[in-house]
Amino acid sequence: MNNDKKLVVELENVTLKYAQSTSFNLKRFFLSKHERKRVVSNSNASREDALSDVSIKFYEGDIVGIVGRNGAGKSTICKVLSGVLEPTTGKFHSNLGIGALLSLKSFFTKELSGLDNIYLIGALLGKNKKEIEDKIEDIIDFSELGDSIHKPTETYSSGMVSRLAFSIATSYRSDILIIDEVLSVGDKYFKEKCNTRMKSIMKESKLIIIVSHSDSDIKNMCNRAIYLDKGQVIMDGSVDEVMNKYK
Amino acid sequence: MNKKAISRNLYILYTLAHLKKKAKVRGTLFGYFWWIIEPMMLIALYSYVVGMIFGHKGTDQILMIAVGVTLWKWWSMSMSSGTKSFRRYKDIVCQVKMPLPILPASEVFGESYMFFFAYLLLQTALLYLGFVPDVLALLLSFAISTLAVSALSLALAMLNVFIRDTDFLVKFGLRILFYITPIIYPASRVPENFQFLIELNPFAYLITYYNNALIYTDRVEYGNMFYALVVSAIALFLLVRLCKKITPQIIRNV
């Protein structure tokens with residue numbers, strides 16, 4: 001598939017092992033060997049590989065939806081794509097300027113105003129002051145926060161936070177856009193506005209990765225889907241095929 | 001690291017430091033004046049305790065306390081917030097590709113803001129009283145303390161990821177260090193049997209560098225200061241390398 005398109009990002013036999021969990025505590029120290037095994041097997045540490053021999057090619061113009069159950073490796077693959085984590089084995093090639101954008105809402109510093117958070121997130125996404133200031137008006141307009149943008153985000157409703165997160169996410173554009181569950185944004189009216197915005201940025205970004213649990217988000221926006229389970233690619237293909245398999 | 005990456009990292013450092021300080025005074029009655037009020041209140045409190053209660057008189061004594069208390073606030077706040085920095089910015093640690101030492105460094109940088117305002121007040125008072133600083137010694141003292149405190153904050157931040165008791169221990173440790181560092185008393189008052197506490201305490205040296213640069217300019221020893229500068233720079237360099245090496249473990253454990 002996609003043979004006529006330009007290859008922009010490639011994961012080649014990527015395996016990512018969890019770094020060993022090495023927090024020290026007395027409870028663990030005093031547990032019997034049997035208890036320790038039981039605790040470890042009940043925790044995430046029992047699975048050795050967060051990603052196991054994953055090979056995916058991403059082409060220019062792809063809007064890829066990544067689906068899978070909790071713990072399937074969706075966020076981990078985003079971290080590899082954004083360069084935060086390096087594969088333990090295998091290769092990761094990218095011809096694109098990576099714009100890290102994962103769970104944006106979690107970057108918000110609650111005691112800062114919405115405006116300050118725009119600066120902070122812009123800086124973290126690699127933008128300089130001018131690039132940030134060029135987008136501020138657009139972000140505030142789109143999020144419809146008005147004067148509330150000067151209030152601390154701890155006073156925002158969850159809908160306001162989501163709107164701001166989405167506006168920031170889609171205003172600071174990079175060649176590659178990685179969206180991890182930023183799409184659940186408020187009421188029906190705003191959701192439609194988001195869909196329109198997404199359609200416009202789809203034309204501009206070279207590659208978009210969307211992680212979502214929402215079938216409709218994936219079906220509406222993506223032209224390709226990948227189903228992950230236990231760190232492995234179960235299926236990579238058209239949205240309909242993958243979503244049928246995922247169900 | 002290329003020029004663009006350096007400028008991006010410096011901008012992150014500045015933004016984190018500046019916005020955090022801004023958030024601290026948001027909604028308060030005095031706003032940014034707290035950057036000046038806070039150290040003045042501390043100086044007044046310790047001067048009262050030492051001057052009135054313990055009866056130690058002399059302008060030198062009060063000035064040394066003022067210098068020491070202002071510096072200690074800078075260092076202790078930097079280290080206590082630096083220790084928590086990786087865990088406080090957990091989402092950034094796990095999701096943004098950036099050199100992790102920026103996070104504890106931003107705490108040190110942010111506290112340097114506060115120190116700078118307090119220092120301006122202090123320097124004005126010193127000049128008024130006729131104490132002209134040794135500028136080179138002062139710049140060296142500032143460079144040494146920034147490097148040393150950044151290195152310690154980074155070490156504590158890494159330790160706190162793997163041993164979460166570090167944060168509690170740092171709180172007690174800083175309180176103990178405050179009393180065993182000659183801040184509210186001169187080093188000469190420490191009994192001979194306990195002088196080793198001063199000799200082994202790097203903060204005692206840092207306080208002495210500042211006291212010499214600001215008050216006793218004839219006692220400045222550049223040789224010692226250059227040595228301290230090199231040691232602090234090497235320590236910070238090695239810790240930054242270590243942090244880079246164990247970044248996957250930090251992301252996993254934070």
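## Transmembrane annotation of chain B

For chain B, an unreviewed UniProt entry lists "transmembrane region" at residues 29-49, 61-80, 113-131, 137-161, 168-187 and 225-243. UniProt positions are given in the numbering used here, feature names are shortened, and annotations may be inferred rather than shown by experiment. This is a predicted model, in which local features need pLDDT of at least 70, side-chain atom pairs count only at pLDDT 80 or more, and totals for chains, interfaces and linings use all residues. Residues are numbered from 1 along each chain as its sequence is written, while chains are lettered from A and ligands numbered from 1 in the order in which they are written.

Two of the annotated stretches can be described from the model. Residues 225-243 of chain B are 100% helix and 0% strand, with end C-alpha atoms 27 Å apart. Residues 168-187 of chain B are 65% helix and 0% strand, and here the end C-alpha atoms are 28 Å apart. Helices (H or I, at least four residues) and strands (E, at least two) are DSSP runs, numbered from the N terminus.

The unreviewed entry also carries the UniProt annotation "domain: ABC-2 type transporter transmembrane", covering residues 26-208 of chain B. That span is 75% helix and 0% strand, and its end C-alpha atoms lie 35 Å apart.

## Helices α6 and α7 of chain B

Let's look at one helix pair. Helix α6 (residues 135-162) and helix α7 (residues 166-180) of chain B pack with their axes 8 Å apart, at an angle of about 140 degrees. The axes are lines fitted to C-alpha atoms, for helices over the stretch in contact, and angles run from 0 to 180 degrees between N-to-C directions. α6(B) and α7(B) are therefore oblique to each other; angles under 35 degrees count as roughly parallel, over 145 as roughly antiparallel, 65 to 115 as roughly perpendicular and the rest as oblique.

On the α6(B) side, L156(B), L159(B) and N160(B) meet T166(B), D167(B) and V170(B) of α7(B). The residues of this contact divide into three nonpolar, two polar and one charged. Ala, Val, Leu, Ile, Met, Phe, Trp, Tyr, Cys and Pro count as nonpolar, Asp, Glu, Lys and Arg as charged, and the others, Gly among them, as polar.

W34(B) lies in helix α2 (residues 34-53) of chain B. With 17 C-beta neighbours inside 10 Å, W34(B) counts as partly exposed; a residue is buried if 20 or more other C-beta atoms lie within 10 Å of its own, exposed if 12 or fewer, and partly exposed in between, with C-beta atoms placed from the backbone. Leaving aside neighbours within four places in sequence, W34(B) is in contact with V25(B) and T28(B), where contact means that the C-beta atoms of two residues, placed from the backbone, lie within 7 Å. The C-alpha atoms of W34(B) and R88(B), 54 residues apart along the chain, are separated by 24 Å.

F116(B) belongs to helix α5 (residues 102-128) of chain B. This residue has 12 C-beta neighbours inside 10 Å, so F116(B) counts as exposed. Between the C-alpha atoms of F116(B) and K171(B), 55 residues apart along the chain, the separation is 24 Å.

## Chain A and its domains

Chain A has nine helices and nine strands. Buried residues make up 41% of its 247 residues. Of the contacts in chain A with a separation of 6 or more, 74% join residues 24 or more positions apart.

The domain assignment of chain A gives domain 1 (1-96 + 214-247) and domain 2 (99-205), with bounds that come from an automatic or database domain assignment. Eleven residues from domain 1 of chain A and eleven residues from domain 2 of chain A form the contact. On the domain 1 side, α3 (74-81) and α8 (215-221) of chain A each supply at least two residues. That side of domain 1 has six nonpolar, four polar and one charged residue.

## Positive phi in chain A

Most residues other than glycine have a negative phi. N13(A), in strand β1 (residues 7-17) of chain A, has a positive phi near 50 degrees. N13(A) is exposed, with 12 other C-beta atoms within 10 Å.

K230(A) also has a positive phi, near 45 degrees. K230(A) sits in the loop between β8 (224-229) and β9 (232-237) of chain A, and is partly exposed, with 15 other C-beta atoms within 10 Å.

## Where the chains meet

Finally, the interface: 28 residues of chain A are in contact with 23 residues of chain B. Helix α4 (residues 114-124) of chain A gives the most to the chain A side, with five residues. By class, the side of chain A that touches chain B has 14 nonpolar, ten polar and four charged residues.
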